[in-house]
Amino acid sequence: MQKRQQPGRRTVLGAAALGAGAAVLGGAGQASAAVRGTAGRELPVPLIVGHRGASGYRPEHTFGSYQLALDMGADVIEQDLVPTKDGHLVCRHENDITATTDVSAHPEFADRRTTKTVDGQQLTGWFTEDFTLAELKTLRAKERIPGTRQHNTLYDGHWQVPTFEEVLQWAEREGRKRGRRVWLHIETKHPTYFRKLGLGLEERLAKALRAHGRHRRNSPNFLQSFEPSSIRRLGELVDCPKVVLLGTLKDRPWDFTEAGDPRTVADLVTPKGLAWIAGFAEGIGPDLTVIIPRDKDGKLGEPTSVVKDAHAAGLVLHPYTVRNENTFLPADFRRGTDPNAYGDSLGVFKAYLGTGIDGLFSDNPDTALLAAEEFRTH
Ligand code: G3P
Ligand code: CA
């Protein structure tokens, strides 16, 4: 098992990466979550991001999921953004809403079912960009993976698809109630694809953030995208900290593919690639396997040098995504033979936290928060 880094070192690196405005993001005085909200330091290191809310327990990207994540104590709540036909930003992991809404049960929308190519992938279903917001609001959200998360199907049909505007208003309300700011981790999905359709995401996102005073360097948001060009565009519009998402080593950002840029994630996590990212972003959000690969048997291997190299470049790391179910865990952390049963996810959380990362996305924020707290105090 890999050696654990000292929390104090991690916090200094986390703060350094974000410069003078970083007091809210990390600092040497933040050894415990108990200091959250004091001395101007709002977020612990490592911070826990509620991935699509608390999507291990509620259908993703619903107010049920966001509220539960916040109530559990998640430090930051994630939104994925896609547009409607009339240009509103809504919270969905993809523009294809076939698996996460009841759209297929609406006969009035049967003729909207279509086949498209999104980022090189051919998909058949229903897509947000073919619906006005008013039409989309007649749908109800449902669990994406009912076979794995049967419990979550209890809530099928309970919530609408949230707009980003509604999320910003919710965050303000919750912030007032709690006497603290509610942090968001906001992703632009398929930005090149939508720009070609005349539905550019970045200007709409920036306008919404400005309207709510969330456009500043010390505003309680991180902005994230798999497409570096989207991050660069956002950097011209607002001052929030930005995180470049990275897939597995062989992946190539879609905007690179479109522009004929041959670099892959493997190129971007070299010291040269990380220095390039540090020219326009404050962090990276890599796939977990970029931090600790799995071996040929699917077991957790040894950590790479990416944490050290990213910190050396002045970047924080918010990798994704730890989930409690066996099916998502490395082979040596599974328990029993039921793929949907929980395995030793606490062990996985701690293995990743031990690499020195600054934050972690999880579908199970309560488990992640326990692991983070134990990691800080042991
Ligand atoms: O944004 C972090 C993580 O969510 C990236 O993967 O595909 O779940 O958006 P994805
Ligand atoms: Ca995401």
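What spacing do the donors of the calcium ion (ligand 2) follow along the chain? In this predicted model, the donors follow the pattern E-x1-D-x106-E. Asp80 belongs to strand β2 (residues 76-83) and Glu187 to strand β6 (residues 183-188), so this pair ties together parts of the chain that are 107 residues apart in sequence.

## The calcium site

The residues that coordinate the calcium ion (ligand 2) are Glu78 (OE), Asp80 (OD) and Glu187 (OE), at 2.1 to 2.4 Å. The arrangement is irregular because the 6 donor atoms subtend angles of 63 to 158 degrees. For reference, ideal angles at a metal are 90 or 180 degrees for six octahedral donors. Asp80 counts as buried, because its relative accessibility is 0%. Glu187 is also buried, with a relative accessible area of 4%.

## Overall composition

The chain contains 14 helices and 11 strands. Of its 378 residues, 57% are buried. Among contacts with a separation of 6 or more, 66% are made by residues 24 or more positions apart.

## Helix α2 and its packing

Within α2 (63-72), the buried residues are Gly64, Ser65, Tyr66, Leu68, Ala69 and Leu70. These buried residues pack against β2, β3 (89-91), α4 and α14 (365-377).

Two packed helices are described by the angle between their axes and the distance between the axes. For α2 and helix α4 (residues 164-178), the angle is about 30 degrees and the axes are 12 Å apart. Angles under 35 degrees count as roughly parallel, and α2 and α4 are therefore roughly parallel to each other. The crossing of α2 past α4 is right-handed. On the α2 side, the residues that meet α4 are Phe63, Tyr66, Gln67, Leu70 and Asp71. Their counterparts in α4 are Glu166, Val167, Trp170, Glu174 and Arg178. After α2 comes Gly73, which has a positive phi near 105 degrees.

## Backbone features in loops

Most residues other than glycine have a negative phi, and most peptide bonds are trans.

| Feature | Residues | Angle | Loop |
|---|---|---|---|
| Cis peptide bond | Val45 to Pro46 | omega near 0 degrees | Pro46: between α1 (7-17) and β1 (47-50) |
| Cis peptide bond | Tyr320 and Thr321 | omega about -15 degrees | Thr321: between β10 (316-317) and α13 (345-353) |
| Positive phi | His61 | phi near 50 degrees | His61: between β1 and α2 (63-72) |
| Positive phi | Asp119 | phi about 50 degrees | Asp119: between β4 (114-118) and β5 (121-125) |

Asp119 counts as partly exposed, at 22% relative accessibility.

## Phe361 and its surroundings

Phe361 lies in strand β11 (residues 359-362) and is buried, with a relative accessible area of 1%. Leaving out residues up to four places away in sequence, Phe361 touches Val49, His51, Glu78, His185, Gln224, His318, Pro319, Tyr320, Thr321 and Val322. This list links several parts of the report. Glu78 is one of the residues that coordinate the calcium ion (ligand 2), while Tyr320 and Thr321 are the residues joined by a cis peptide bond. Phe361 and Val322 are 39 residues apart along the chain, and their C-alpha atoms are separated by 6.6 Å.

## Ser229 in helix α7

Ser229 is found in helix α7 (residues 228-237). With a relative accessible area of 32%, Ser229 is partly exposed. Which residues does Ser229 contact, leaving aside its neighbours within four places in sequence? Ser229 is in contact with Thr192 and Asp255. Asp255 lies 26 residues from Ser229 in sequence, and the two are 6.9 Å apart in space, C-alpha to C-alpha.

Notes:
Residues are numbered from 1 along each chain as its sequence is written. Chains are lettered from A and ligands numbered from 1 in the order in which they are written. This is a predicted model: local features need pLDDT of at least 70, side-chain atom pairs count only at pLDDT 80 or more; totals for chains, interfaces and linings use all residues. Side-chain values use heavy atoms; hydrogens and water are left out. Donors are N, O and S atoms within 2.8 Å of the metal (3.2 Å for Na, K and Ca); water is not among the atoms, so sites may look incomplete. Four donors count as tetrahedral if all angles lie between 85 and 135 degrees; four count as square planar and six as octahedral if opposite donors are over 155 degrees apart and all others between 65 and 115; anything else is irregular. Helices (H or I, at least four residues) and strands (E, at least two) are DSSP runs, numbered from the N terminus. Buried means under 20% relative accessible area, exposed over 50%, partly exposed in between (1.4 Å probe, protein chains only). Axes are lines fitted to C-alpha atoms, for helices over the stretch in contact, and angles run from 0 to 180 degrees between N-to-C directions. Angles under 35 degrees count as roughly parallel, over 145 as roughly antiparallel, 65 to 115 as roughly perpendicular and the rest as oblique. A crossing is left-handed if the near helix is turned anticlockwise from the far one by less than a right angle, and right-handed if clockwise. Contact means heavy atoms within 4.5 Å.
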